[in-house]
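I wanted to get to know this model by looking up a few things one at a time. Here are my notes, in the order I made them.

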Amino acid sequence: MEYFLQQLINGLTLGSIYGLIAIGYTMVYGIIGMINFAHGDVFMVGSVTSFILVLIGGVSFGLSGNSAGIIILLALVLVVAYAMLVSSVYNWTIERVAYRPLRGSFRLAPLISAIGMSIVLQEFVRIAQEARPKPIQKLVTGGYELMSKQVGEQTFAVTITNMQIFIIISTLVLMTAFTFIIQRTSLGRAQRACEQDTKMASLLGINVDRTISITFIMGAMLAAFAGMLFFLHYTETDFFVGFAAGIKAFTAAVLGGIGSIPGAMMGGLLIGIIEVMWSAYFSVEYKDVAAFTVLVLVLIFMPQGLLGKPEVEKV
Amino acid sequence: MSDVLLQGTGVETFYGKIQALKGIDFEVRKGEIATVIGSNGAGKSTLMMTICGTPRARAGRITFDGQDITQMPTHEIVHLGIAQSPEGRRIFPRMSVYENLQMGATVNALKNLDEDLPKVFKLFPRLEERRNQRAGTLSGGEQQMLAIGRALMARPRLLLLDEPSLGLAPIIVKQIFAAIKALNEEQGLTVLLVEQNAFHALRLAHRAYVMVNGKITMTGTGAELLKRPEVRAAYLEGSH
C-alpha cells in the first residue's frame, strides 16, 4: 500500500509534465487539424534553454540548492520566462515557415514537414550544445515524509519532495489559468471558434492566421514550462529528451481525446501513472512499451479517446 | 458621393478549374434590400462568399462604399461592416447560444453587447430561452435564427443573408422576413438576400437579380420581376 502510494505520487509528477506538453499537441490539432510532431522538440528547446540559464546562474551568481528558497524561486521565474520566450519564438517560426505555406495542400504535407522540423531542432541543438547529457546538481531540495512502515529491518517511507510539490502545484495553477483563458476570454473564444469552423470565424472578423500563431505560442509556453520542470526533476537534459516525452505526451493527447484540452490533462496524468506503475511492478526497461501499448489499444478500440467530441452535429 | 454601398463589376470566381461566377455585375444601394434569386447551384452562395473574399474573385472588382475590397483578407472586409448569415448556418455547435452571439459582436470588441443582445432576443425570443444551451443541440430553425442574430450583433452596414428561410416552418419564415423588413425600414439597414423562396424575396426587394449558371440573366425591381412570365414560370410556379 505504501509502495503504491509512493508510485502514485511519482506518477502524478511525471503525468503533470506529460499533461503540459499534451495540451500543445491537442490545441494545435484542434485548430488546424495536424499533429505538430516538432512539439516534443520545442519542449526540449525549453528544457535545454533552462539548463543553460541555471548553469549561468550557478557559475556567475552562485545559484545552488543551498541558496535561500526565495532566491531559487525568483531565479526559476526568470529562467522559465526566458525559456518560454525562446520556445515561443521557435514554435511561432516553425508554424510560419513549415506549416502555414502548406495549409490547404494535401493532409500529409504538413505532417512530413513537422517531422522534418523535429529533426532540424534535434540536430541543431545536438550540434550547438553537443550530444552528451547535461547534468546539474539538484536545485530544489528537501521534502516531506508522509508515512513510514517497518518492513523487517528496514523502514519504507512514503515521501513527497519539494520538487514534486512544486511540479504538481505549478501545473495545477497553470492549467487553471489556461482553462480560464480558453473558456472565459475573447482570445479563447476566438480559438474555439477557429477550432470549430475556421471560415466562419474569419467571416466574423477573427484574424485566423494570428489566432493560429497565438495557439502555437501558448502551446510552446506550456511546453517550455514542462521542459524546465523535467530538467529540474531529473537534474539532466539533452537534445533527445523531446522525442520520448513528445511521443508520450502525444499518446496522452490521443488517450484523452485529441482536440480536448481537459482530455489532454487527464491523459497526461494517466500516462504518467501507467508508466510509473509499470516500472514499479513489472520492468523499468519496458516502461516505454507500456505507454505505446496504451497508444495502440486506444487507437484500435477507442479512437475518439476518453473525452473526445461526442456530440452529433446537426446538418 | 454616391449612394452605392456595394458594387461588383465582371466578378469571376473559380473552384479549382470550375468557374462558378462568370462575370457578374451587381450593385446594392444604401438603405435598400437587394435579392438574388436562382435555382440550386446557380452560384448565389458563391457570390455571397466572394463578396467576403473567401474564395477570392479571380477577375473583376468589388467595392464597398467606394473602397476596393477585392484583394482584402476576409477578416478586414468584415471589419468594414459586412456581416453574413451564411449558407448552412455555420453556427459554432460546441458553444452556447450566448457565446455564438458574443462571437457576432467580436468585430465591435463586444462594445455594444449589452445594448444589442436584448434586441436580438426580442426578435427571436426562442434564443433567449435557450441562451445557455449548446448551439449544436438547437433545432434547424433555431440555428437559423441564431445565425441571423449573430450577424445582427455585428451591427453591420450591409447584411448578407443566405437562404434565411431554408428549413424553417412557414410561420417562422414569415417572422424572419417581417424582421428583415422592419430592420430595413426602421434602421435603414442595407440587405443583400439570397433566396430560393423567390416569392417572398421579390416582394421584399427593391432591387432583384436572377442568376442562372453563374451569370445574371435578369434584373429589375422586385415588383417588376414578379410580373415577368419567365420568372413566374421558372421560380414561382407552385410556390407561396
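**Entry 1: what counts as a contact.** Before listing who meets whom, I wrote down the rule: two residues are in contact if their C-beta atoms, placed from the backbone, lie within 7 Å. I also reminded myself that this is a predicted model.

**Entry 2: helix 2 and helix 8 of chain A.**

Then I checked the geometry. Helix 2 of chain A covers residues 39-61 and helix 8 of chain A covers residues 208-234; their axes come within 7 Å and cross at roughly 55 degrees. Angles of 65 to 115 degrees count as roughly perpendicular and those under 35 as roughly parallel, so helix 2 and helix 8 of chain A are oblique to each other. The crossing of helix 2 of chain A past helix 8 of chain A is right-handed.

**Entry 3: helix 3 and helix 4 of chain A.** Helix 3 of chain A (residues 69-99) and helix 4 of chain A (residues 108-129) pack at an angle of about 130 degrees, and their axes are 10 Å apart. Helix 3 and helix 4 of chain A are therefore oblique to each other. Here I noted a right-handed crossing too, with helix 3 of chain A passing helix 4 of chain A.

The residues in touch are Ile94(A), Ala98(A) and Tyr99(A) from helix 3 of chain A, and Pro110(A), Ser113(A) and Met117(A) from helix 4 of chain A. By class, that contact of helix 3 with helix 4 of chain A has 5 nonpolar, 1 polar and no charged residues.

**Entry 4: chain A as a whole.** I stepped back and counted 11 helices and 4 strands in chain A. Its C-alpha trace spans about 70 × 45 × 35 Å along the principal axes. For 315 residues, a compact globule would have a radius of gyration near 20 Å, and chain A agrees, with 20 Å. I also saw that 46% of the 315 residues of chain A count as buried. Looking at contacts in chain A between residues at least 6 apart in sequence, I found that 76% join residues at least 24 apart.

**Entry 5: where chain A touches chain B.** How many residues does each chain bring to the contact? Chain A gives 17 residues and chain B gives 23 residues. On the chain A side, helix 6 (186-196) and helix 7 (198-203) each supply at least two residues. Helix 6 of chain A gives the most, with 5 residues. The side of chain A that touches chain B divides into 5 nonpolar, 5 polar and 7 charged residues.

**Entry 6: a second look at helix 6 of chain A.** Is helix 6 of chain A mostly covered or mostly uncovered? I found it mostly covered, with 8 of its 11 residues buried. The buried ones are Arg189(A), Ala190(A), Gln191(A), Arg192(A), Ala193(A), Cys194(A), Glu195(A) and Gln196(A). Their cover includes helix 1 (2-32), helix 5 (162-184), helix 7 and helix 8 of chain A, together with helix 3 (97-104) of chain B.

**Entry 7: chain B as a whole.** The C-alpha atoms of chain B fill a box of roughly 45 × 40 × 40 Å along the principal axes. A compact globule of 240 residues would have a radius of gyration near 18 Å; chain B has 17 Å, which agrees. Buried residues make up 46% of the 240 residues in chain B.

Entry 8: Most residues other than glycine have a negative phi, and most peptide bonds are trans. I went looking for exceptions.

- The peptide bond from Thr54(B) to Pro55(B) is cis, with omega near 5 degrees. Pro55(B) lies in the loop between helix 1 (44-51) and strand 4 (59-64) of chain B.
- Arg90(B) has a positive phi, near 50 degrees. I found Arg90(B) in the loop between strand 6 (82-85) and helix 3 of chain B. Arg90(B) is buried, with 20 other C-beta atoms within 10 Å.
- Ala109(B) has a positive phi of about 55 degrees. Ala109(B) sits in the loop between helix 3 and helix 4 (113-123) of chain B. Ala109(B) is exposed, with 10 other C-beta atoms within 10 Å.

Conventions. Residues are numbered from 1 along each chain as its sequence is written. Chains are lettered from A and ligands numbered from 1 in the order in which they are written. This is a predicted model: local features need pLDDT of at least 70, side-chain atom pairs count only at pLDDT 80 or more; totals for chains, interfaces and linings use all residues. Axes are lines fitted to C-alpha atoms, for helices over the stretch in contact, and angles run from 0 to 180 degrees between N-to-C directions. Angles under 35 degrees count as roughly parallel, over 145 as roughly antiparallel, 65 to 115 as roughly perpendicular and the rest as oblique. A crossing is left-handed if the near helix is turned anticlockwise from the far one by less than a right angle, and right-handed if clockwise. Ala, Val, Leu, Ile, Met, Phe, Trp, Tyr, Cys and Pro count as nonpolar, Asp, Glu, Lys and Arg as charged, and the others, Gly among them, as polar. The radius of gyration is taken over C-alpha atoms; the globule rule is 2.2 Å times the number of residues to the power 0.38. A residue is buried if 20 or more other C-beta atoms lie within 10 Å of its own, exposed if 12 or fewer, and partly exposed in between; C-beta atoms are placed from the backbone.
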